[in-house]
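Subject: Structure handover

Hello,

Here is the structure I said I would pass on. My notes on the ligand and on the aromatic side chains follow below.

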Amino acid sequence: MKTLTEADIARIRGEFPILNTSTVKGHPLVYLDNANTSQKPQCVIDALAHYYEQYNANVHRGLYELSELATAAYEGARLRAAQFLNANNECEIIFVKGTTEAINLVAQSYARPLLKAGDEVLITALEHHSNIVPWQLVCEQTGATLRVAPINLQGEVIAEEYEKCLSEKTKIVAMAHISNALGTVNPIANMIAKAHAVGAVTVIDGAQAAPHTPIDVSALNCDFYAFSSHKTYGPTGIGILYGKKALLEAMPPYQGGGEMIQSVTFEKTIYQGLPYKFEAGTQHIEGAIGLKVALDYITHIGFDAINHHEHELLLYATQLAHEHKLRIIGEAKEKASMLSFTLDNIHAHDAATILDHYGVAVRAGHHCAMPVMQFFQVPATLRASFAFYNTKAEIDILFHALGKVREIFK
Ligand code: C6P
């Protein structure tokens, strides 16, 4: 399927119970906060219920049928995630809580033993706090310096400035694939190659990319890549860290506990190999199982079709934003399907509260990207973020409701 017809969208919407059953203050739900978390199709919800109803057991430790079933499903999810990212080996896939935990894991297990005073970690000015604070922490712990590649007024990383920030001191480059506050799609293949040219290791925050675009970690040649299930139509509380095998093998565990060991004595513990070395304690088993179903679901729709439809929605919303004289924050040439904007001098929180009275869910605030707000000198923005199940009719409702906000504040 290359494009989604109206009939396809209607069918797809039928597969998301919340889109059909939920009303907000008497209005049908218009859910435009997909960059925050996406809604879940029935097949994902069913997979969670099925696990609890039919084969709930802990993985890797039960010599009985239920545990074998649960283990097979859990490891099947790892294999599916490896295929989704085109990783070479499923042992390169670590289950984590989400993007945040993935980046913290890399910062603490890879970067902390490596960095020393004089070394540099490079991030960009459009990062989410999850890709800033873990690096600040590890720089404080090691004496390394955090550098920031600047952005321009369109919200794009300035290529020449990025290159100027790279040197033999740069040990790690961490950057978003897609910005959550601006929608900018970073040219990461090129940026990764530039980072590698100075010998740096690359960490890609793919939280906003995984729901929208095919990811090929082998072609990108990135060293680490992270994404969250809950933004990718899967359950909350689980995500993926991909890491190159040689790097992961050389890293110490992030957490200690059950499951991640081969043998323990009071004198010495021998750790498991990959990927279990990084999965201490009982894991989010049903989360992994649900994530696999979500990845199957979006792969079945197809990224060509998803991209095409979401791009249409972005163009439509952008055109209306111009007509309604909104200030768009983030006008990169390559943009994912989200629109960040301000509305006159009305605070984003006030506007979002009124939009809710029309059933419209958008995010308002700094989007955990305070430096982006500081750069554009706004306290907050409204952000409408689109998924493949959204429609132009829903965008019309958003703009109708924005008109009401203006009337109230006139
Ligand atoms: N952005 C948003 O509304 P977690 O919470 O670990 O699943 O994802 C964190 C994260 C990391 N990087 C990027 C680019 C993100 O967008 C997010 C989450 C949400 O934009 C919540 S702040």
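Are Phe16 and Tyr233 buried or exposed? Both are buried. Please keep in mind that this is a predicted model.

Aromatic pairs

The structure holds 15 aromatic pairs. In one of them, the ring centres of Phe16 and Tyr233 are 6.2 Å apart and the planes stand at 75°, so this pair counts as edge-to-face. Phe16 sits in the loop between helix H1 (6-14) and helix H2 (17-21), and Tyr233 in the loop between strand E9 (224-228) and strand E10 (239-243), so the pair ties together parts that lie 217 residues apart in sequence. Phe16 and Tyr233 also belong to a cluster linked by ring pairs, together with Tyr297, Phe388 and Tyr389.

Another pair is Phe84 with Phe303: with centres 6.1 Å apart and planes at 50°, it is tilted. This pair links distant parts of the chain, with Phe84 in helix H4 (residues 65-85) and Phe303 in helix H12 (residues 303-323), 219 residues apart. Phe84 is buried at 9% relative accessible area, and Phe303 is buried at 12%.

Ligand

The ligand is surrounded by 17 residues, the closest being Thr100, Asp205, Gln208, Ser228 and Arg363. By class, three are nonpolar, 10 polar and four charged. Domain 1 (6-31 + 302-409) and domain 2 (46-299) each contribute at least three residues to this shell.

A ligand nitrogen lies 2.6 Å from a side-chain N or O atom of Asp205, and a ligand oxygen lies 2.7 Å from a polar side-chain atom of Gln208. The ligand taken alone exposes 520 Å², of which the protein buries 88%.

Regards

Technical notes:
Residues numbered from 1 in each chain as written. Predicted model: local features only at pLDDT ≥ 70, side-chain atom pairs only at ≥ 80, totals over all residues. Heavy atoms only, no water. Near = heavy atom within 4 Å. Polar contact = N/O pair within 3.5 Å; in protein donor to acceptor, adjacent residues only side chain to side chain. Areas by Shrake-Rupley, 256 points an atom, 1.4 Å probe, with all protein chains shown as cover. Nonpolar A, V, L, I, M, F, W, Y, C, P; charged D, E, K, R; others polar. Domains from an automatic or database assignment. Phe/Tyr/Trp six-rings, centres within 6.5 Å; stacked < 30°, edge-to-face > 60°. Helix = DSSP H or I, 4+ residues; strand = E, 2+ residues; numbered from the N terminus. Buried < 20%, exposed > 50% of the residue type's maximum accessible area, 1.4 Å probe, protein only.
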